[in-house]
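Trainee: I would like a close look at a single part of this structure, and then at what lies around that part. Please take it slowly and keep the parts connected.

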Amino acid sequence: MDIRFNKFDYPAKIRQQRELFANAFPEVSDKSMDIYNWQFHSFPNNTLQSFEYSAYIKEEMVGYYAALPFNYKVFNLFACVGMVCGVMTSTKFRGKGIFTKLGIYSTKELESHVSFLTGFPIRKNVIPGHIKIGWKIAFELPMYIKFLKSDSILKSKKIPFLSKVINPALNIYNSLIKTNYHKDYKISFHNNVLEINDYEKFYKNWSKYTNISLIKDLKFSTWRYSRPGSKYFFSIIKNDDNIVAFVSYCKVVKEEIPSLCIIDLMILPSHQKCSNLLFSKLTEQANQMNCEVIIFMMSKICASKNKVFRNGFFKSPFRFKFIIKNLNKDFNDETLYSEKNWNLMWVDTDDL
């Protein structure tokens, strides 16, 4: 079987790419061009927008591999990092080694553009293919959940009548774990990141305390929170008129459950105690938005720092794997694979 690999020819081959997407991801209802154009052709980088590669058998596109050039601070250095996303192969040719061969080709091509690659797979069946071509699992990123109501969950289990018992129990539990917070902290709510005065100043201050972190300046954030079809909300906490905490979130329906998803959470280390106020107000927001759960993705170390268990969150059995392929050894493996060096959430991905 002769497989041909190329840099993806946009826009000449976009129709084939969309047909492949529909074939590979039939469960995705929104197959419009809007998300694709936002991901790969609107990224706020002066020289690079995306890296896209494709595989063909004769004239049929059977595979696609892409990465976004996210900028990271790695201790006191800066690096262009390829955040791999949109990887897919045709269902007609699975088991033929296309995923592996396209991965080898694409990551080899990426060596001249980025220092290392990151990925956030949650499906177990794709992990062996990544490992086969040199990716390594750095650590897990569990999903943390706070239950507010049980209606949709119990309805999916065909036992909706139990919500009359479980919902009052959840209300009692959430009221019991409600924690106190210092009156010097003031919270405010915003509909646009551009409304937040001094966001850039706060972000730069926060980044000083993280060893490896995504460059989330105003330019990047404006792009990240412009994802088509998504509506984002923002909250900040101030102390002495200075921002000490920031959170972004959105409402989505996951597994038929109305959910408030936390996209990013940044708290200055000396103000971790304000997480009590933050999670308390987010719970109120979730109730007002008729969300039944609050969920986010975060490393276990960061979850502990942010006092998520004290605020009513449970570690779910659903876990993303944070995987890295170190291409050029600009940074040693010990630095990149250490969980304590990272602060990762959904903002580090193209998801949500």
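Mentor: The second largest pocket holds about 240 Å³ of space. Its lining is made up of 17 residues, and those closest to its centre are Trp 206, Tyr 209, Thr 210, Lys 305 and Asn 343. Strand 11 and helix 10 (300–305) each give at least two residues to this lining. Strand 11 has the largest share, with three residues. Keep in mind that this is a predicted model.

In helix 7 (residues 199–207), the buried residues are Tyr 199, Phe 202, Tyr 203, Trp 206 and Ser 207. Viewed down the axis of helix 7, these buried residues fall within an arc of 130°, so they line one face of the helix.

Phe 246 has 1% relative accessibility, and buried means under 20%, so Phe 246 counts as buried. Leaving out residues up to four places away in sequence, Phe 246 touches Tyr 199 and Phe 202, along with Val 193, Ile 196, Tyr 225, Phe 234, Ser 235, Ile 236, Asp 264, Leu 265 and Met 266. Tyr 199 and Phe 202 are among the buried residues of helix 7. Asp 264 is 18 residues from Phe 246 along the chain, and the C-alpha atoms of the two are separated by 7.8 Å.

Ser 235, one of the residues that Phe 246 touches, is found in strand 9. Ser 235 also counts as buried, because its relative accessibility is 1%. Its side chain makes a polar contact with the side chain of Tyr 249, at 3.4 Å. With neighbours within four places in sequence set aside, Ser 235 is in contact with Ile 187, Ser 188, Phe 189, Ala 245, Phe 246, Val 247 and Tyr 249.

Now look at the loops that join these strands. Asp 240 lies in the loop between strand 9 and strand 10, and Glu 255 is found in the loop between strand 10 and strand 11. Asp 240 counts as exposed because its relative accessibility is 66%. Glu 255 counts as exposed because its relative accessibility is 72%. Most residues other than glycine have a negative phi. Asp 240, however, has a positive phi near 55°, and Glu 255, which is not a glycine, has a positive phi of about 55°.

Helix 9 (residues 275–288) has 14 residues and reaches 20 Å from its first C-alpha to its last, close to the 20 Å expected at 1.5 Å a residue. Helix 9 is mostly covered, with 11 of its 14 residues buried. Among them are Leu 277, Leu 278, Phe 279 and Leu 282, and the list also includes Lys 281 and Gln 285. The buried residues of helix 9 pack against strand 9 (232–239), strand 10 (242–254) and strand 11 (257–267), and also against strand 6 (136–147), strand 7 (185–190) and strand 12 (293–297). Just after helix 9, Asn 290 takes a positive phi of about 60°.

Ser 150 is found in the loop between strand 6 and helix 5 (151–156). Although Ser 150 lies in a loop, it counts as buried because its relative accessibility is 6%. Not counting residues up to four places away in sequence, Ser 150 touches Ser 163, Ile 166, Asn 167, Leu 170 and Glu 292.

Notes. Residues numbered from 1 in each chain as written. Predicted model: local features only at pLDDT ≥ 70, side-chain atom pairs only at ≥ 80, totals over all residues. Heavy atoms only, no water. Helix = DSSP H or I, 4+ residues; strand = E, 2+ residues; numbered from the N terminus. Expected span 1.5 Å × (residues − 1). Buried < 20%, exposed > 50% of the residue type's maximum accessible area, 1.4 Å probe, protein only. Contact = heavy atoms within 4.5 Å. Arc of directions from axis to C-beta. Polar contact = N/O pair within 3.5 Å; in protein donor to acceptor, adjacent residues only side chain to side chain. 1 Å grid on protein atoms, 1.4 Å probe; cavity = no way out; pocket = protein on both sides within 12 Å on 5 of 7 lines; lining within 4 Å. Points joined across faces, edges and corners; volume = space filled by probe spheres on them.
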